[in-house]
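Reader: I have some questions about the labels used for this model. Please set each value against its cut-off.

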Amino acid sequence: MGRSGNLKNAIVAFLVPLPSILFYLYFLDHYHSNSSSLSSLWSWCFHHPLLLANVFFFFNVNVLFWIIGHIQSSNWMIDLYWTVIPVLLIHYYATHPSAQFDGLRSKIVIVLTWVWSIRLTHNYFRREKWQWGAREDWRFADMRLQYGKHWWWISFFSVYFSQQIFLIGICLPLYVVHSVDKPMNIWDLVAAGVCLCGIVIAYFADTQLHNFVTRNTKLKELGKPMVPNLDRGLWQYSRHPNYFGEQLWWWGLVVFAWNLGHGWTFVGSLINSMCFAYVTVLVEQRMLKQEYRAEAYRLYQKTTSVWVPWFRSSAIAVKDKDT
């Protein structure tokens, strides 16, 4: 991608959330200047903060991102905004006129969400070599080939509408934190600790993966044999420690919501974990299709935990068992 294309995508990415942001600021201005006699539109916006968030998502992400993706023949932007939308949502929930919350808990969750977002955004751009929209997710690229001429409408549901269900659902604890005013207790500290552990584990796992891929790329350029498998660092104890860390973050948010009497919000994280399970299968199938690493990866599967870090089984014991 040339500099002009990179700059164009950066500008698009910065401008694309403006419709929702401007509408929300317009609503806040109307509410604060005339809260006693709101029109039916502004009254609805006040009484239904969660539904309004879904309306914003549907039109600004599902529809607008889909149109842009169709024009560019690439659905790259939803990947980037996975790291941004939770930050937008938490500030929306915290500043909505109907919000009620404990100030310290709110600050802790907002800071944690920013740290999570910065970590994941950094990883996205590091992986994409600091380019905006250089490529779309390989899963979307595979589906584009699979569905062919029907992809233009299927992508609306499989790429965008599905993301609304996932993201709004998984971010429900952020809404709960800003809709229940209850003093902090020890469970808030537990939740914060789980979230922070998730962020740290995901950071080190992704950094180790990035370094491994970078080294293999250099070996390939030099015409030398590539290392078939990453099994050092956190990857010695889990085949997908980055996935484990990411899930730990979301389940930590569920602890915040559970502590506030809304344990039902676990549904969002449960669906997300199920999606991670499916993605894990896809990733491992892809690894086994690569001839130079297939044998090593099969042994890795037998000796190493899938997600939760644990001590490795003996490779010799596994081979004896197989024979």
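Author: Start with the salt bridge: a side-chain nitrogen of Lys or Arg within 4 Å of a carboxyl oxygen of Asp or Glu. Keep in mind that this is a predicted model.

Reader: What makes Asp 188 and Arg 105 a salt bridge?

Author: Their closest N and O atoms are 2.7 Å apart. The cut-off is 4 Å, so the pair qualifies. The two residues sit in distant parts of the chain, 83 residues apart. Asp 188 is in helix α11 and Arg 105 is in helix α7.

Reader: Are Asp 188 and Arg 105 buried or exposed?

Author: Both Asp 188 and Arg 105 are buried. That label stands for under 20% relative accessible area.

Reader: Why is the contact between Asp 79 and Arg 127 called a salt bridge?

Author: The N to O distance between their side chains is 3.8 Å. That is within 4 Å, so the label holds. This pair also links distant parts of the chain, 48 residues apart. Asp 79 lies in helix α5 (residues 77-81), and Arg 127 lies in helix α7 (residues 103-127). Asp 79 and Arg 127 also belong to a network of salt bridges with Glu 128 and Arg 135.

Reader: Why is Arg 127 called partly exposed?

Author: Its relative accessible area is 41%. Buried needs under 20% and exposed needs over 50%, so Arg 127 falls in between.

Reader: How many salt bridges does a search of the whole structure find?

Author: The search finds 11 salt bridges.

Reader: What makes Arg 232 count as exposed?

Author: Its relative accessibility is 55%. The cut-off is over 50%, so Arg 232 counts as exposed. Arg 232 lies in the loop between α11 (186-221) and α12 (241-259).

Reader: Why is the link from Arg 232 to Asp 231 called a polar contact?

Author: The two side chains come to 3.0 Å. The limit is 3.5 Å, and residues adjacent in sequence count only if both atoms are side-chain atoms. Here the contact is side chain to side chain, so the label applies.

Reader: Which residues does the UniProt annotation "transmembrane region" cover?

Author: The unreviewed UniProt entry gives several spans, including 47-69 and 186-205. In the model, residues 47-69 are 96% helix, with end C-alpha atoms 33 Å apart. Residues 186-205 are 100% helix, with end C-alpha atoms 29 Å apart.

Conventions:
Residues are numbered from 1 along each chain as its sequence is written. This is a predicted model: local features need pLDDT of at least 70, side-chain atom pairs count only at pLDDT 80 or more; totals for chains, interfaces and linings use all residues. Side-chain values use heavy atoms; hydrogens and water are left out. Helices (H or I, at least four residues) and strands (E, at least two) are DSSP runs, numbered from the N terminus. Buried means under 20% relative accessible area, exposed over 50%, partly exposed in between (1.4 Å probe, protein chains only). A polar contact is a pair of N or O atoms within 3.5 Å; within protein, one must be able to donate a hydrogen and the other to accept it, and residues adjacent in sequence count only if both atoms are side-chain atoms. UniProt positions are given in the numbering used here, feature names are shortened, and annotations may be inferred rather than shown by experiment.
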